[in-house]
Amino acid sequence: MRVAFVGNSYTYFNDLPGTFTNLSAALHTPVVVEHQQVTPPGSSIFQHGNVSLQMGLDTLAMLQQSWDFVVLQDQSETPGGGRDTDSSLPPGVGKALSVAALSSFFLPALKSAGARAVLYSTWGRHDGDPPNADYGYGTFLGMNRKTAEGYQYYRNVLARGAGSGEPPLIVPCGRAYELTYNLSNTSTSPSSLFSCLYHSNLPASTPRHCILDGAGKGGHPSPLGTYLIACTFAAAIHRQSPIGARWAPAGVSTAERDLMQRIAHQAVFGATSCQKRGGQCVGVPTPCCAGLVCDPTPGVQQCLPRRRGRHLRAR
C-alpha cells in the first residue's frame, strides 16, 4: 500500500508516517506501507496547491506518482474557519482558499494518481486557541467541534467533485482526543492522560507529568498522542481494529499502548460490547464480527483479534 502525506508539523512531529507504517505491519492482518510526505511547518492545504511556492511544486511532484491514499491535513486553525495565525489571514479566508484548492488542484491530482483522499481531522488545542476565542475556539471542545465540522465540509467538497468515485475517508483524530478528554474526566491537569497527548518538554516518566511546552500549547502531539493518531489512521484506512497489535514506539508503555488502541477503535468503529455465557464470549456485535472476538477478561468490554480461528476463553 502506498500512502502520501500532505500536511505540516502535526504530521511530521514524532514521524506520524513512520509510526503508521510500523503499526500497520504489526496488525492482526499485517499491511506493508510505503510512504512519502511534504510537510513544511505551518503550511495549509491552499499553500500545498499553489505551484508558485516550492511546497506546491513538491506536492505536485509527489502526487504525479501512483498512490493508494493521499492524506490531506490543513493548518490547525483553518478548517473550522478561524484566523490562520501562521499566514496572518482573517477568519474564514484560509478555509475559502483551501476549499478552492481542493477543487482546482487536489481533485485532478487525486484522479491522476489513482488515489483515494484521506482527511486527517485534527483536534482542538489543549486550552483552546486565544486568538480565535471569539470564533468559538476558546476551549478544547469548542475548537475540536468546529475543526471536525470543517473537515466534514472538506469531505463533501471532494465527494461532490469525485462523482461516482470512492468517497474521501475521514480519520477522526479529534474524536480520539475527545474520548481521551472524557476518559480523563475532562481534566486538563498536567497529570491527566489528556494532557499527555500534547507535546511536553519533560521526558516521559511513570506516572506521567506533562507540562506543555510551546509546541504542545500549539496543539502538537506528544509521542503518545502520535501513537493514538496512528492507531486511528490504521483503523480508518485498513478497516482493522488496532487492538492486539504489539508494536508501540519507545516511551509508550504496554498499558498506554493497549489503551490508545481501544480509544482509536472506539473513535472509528464506535463503542463495542460483549456478552458472556459460561465463561465463553458470545453474541459479539459489529465490528467485533469482522475477525474479532470479545475480550474474555472479567469486567472488560472490548474487542480483540481472533487467534487461530477460535474464541479466547475466560481466564
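1. In this note, contact means heavy atoms within 4.5 Å. Under that criterion, and leaving aside neighbours within four places in sequence, S192 is in contact with S184 and S187. The model is predicted, so local features need pLDDT of at least 70 and side-chain atom pairs count only at pLDDT 80 or more, while totals for chains, interfaces and linings use all residues. Residues are numbered from 1 along each chain as its sequence is written, and side-chain values use heavy atoms, with hydrogens and water left out.

2. S192 has its place in the loop between helix 7 and helix 8; helices (H or I, at least four residues) and strands (E, at least two) are DSSP runs, numbered from the N terminus. With a relative accessible area of 6%, S192 is buried, where buried means under 20% relative accessible area, exposed over 50% and partly exposed in between (1.4 Å probe, protein chains only). A polar atom of the S192 side chain lies 2.9 Å from the backbone oxygen of S189.

3. A disulfide is taken as a pair of cysteine sulfur atoms within 2.5 Å; the structure holds 1, and in the C196 to C210 bond the S to S distance is 2.1 Å. The torsion about this S-S bond is about 100°, so the disulfide of C196 and C210 is right-handed. C196 is buried at 2% relative accessibility, and C210 is buried with a relative accessible area of 8%. Two further cysteines are buried: C173 at 1% relative accessibility and C231 with a relative accessible area of 0%.

4. Rings of Phe, Tyr and Trp (its six-membered ring) pair if their centres lie within 6.5 Å; planes under 30 degrees apart count as stacked, over 60 as edge-to-face and the rest as tilted. A search of the whole structure finds 17 such pairs. In one of them, the ring centres of F105 and F106 are 4.8 Å apart and the planes stand at 85°, so the arrangement is edge-to-face. Both F105 and F106 are buried.

5. The rings of F140 and F194 also have centres 4.8 Å apart, with planes at 65°, so this pair is edge-to-face. F140 belongs to helix 6 (residues 140–162) and F194 to the loop between helix 7 (173–183) and helix 8 (214–217), so the pair ties together parts that are 54 residues apart in sequence. F140 is buried with a relative accessible area of 3%, and F194 is buried with 0%.

6. The charged end of K146 is 3.7 Å from the ring centre of Y135, and that of K95 is 4.9 Å from the ring centre of Y153.

7. A nonpolar core is a set of buried Ala, Val, Leu, Ile, Met, Phe, Trp, Tyr and Cys residues joined through side-chain atoms within 4.5 Å. The largest has 44 residues, of which F20, Y120, W123 and F233 touch the most other members. Elements supplying at least two residues each include strand 1 (2–6), helix 2 (16–25) and strand 3 (69–72). Helix 9 gives the largest share, 10 residues. Apart from neighbours within four places in sequence, F233 is in contact with residues including F5, F20, Y120 and C173. A second, separate core of 27 residues includes L72, A101, L110 and A115.

8. The buried residues of helix 7 are C173, G174, A176, Y177, L179, T180 and Y181. Their cover includes strand 4 (116–121), helix 6, strand 5 (169–172), helix 9 (223–238) and helix 10 (254–269). N185, whose phi is positive, near 55°, follows helix 7.

9. T39 is found in the loop between strand 2 (34–38) and helix 3 (45–48) and is buried at 12% relative accessibility. The C-alpha atoms of T39 and N8 are separated by 4.1 Å, although the two residues are 31 apart along the chain.

Conventions
A charge sits over a ring if NZ of Lys or CZ of Arg is within 6 Å of the ring centre and within 35 degrees of the ring normal. A polar contact is a pair of N or O atoms within 3.5 Å; within protein, one must be able to donate a hydrogen and the other to accept it, and residues adjacent in sequence count only if both atoms are side-chain atoms.
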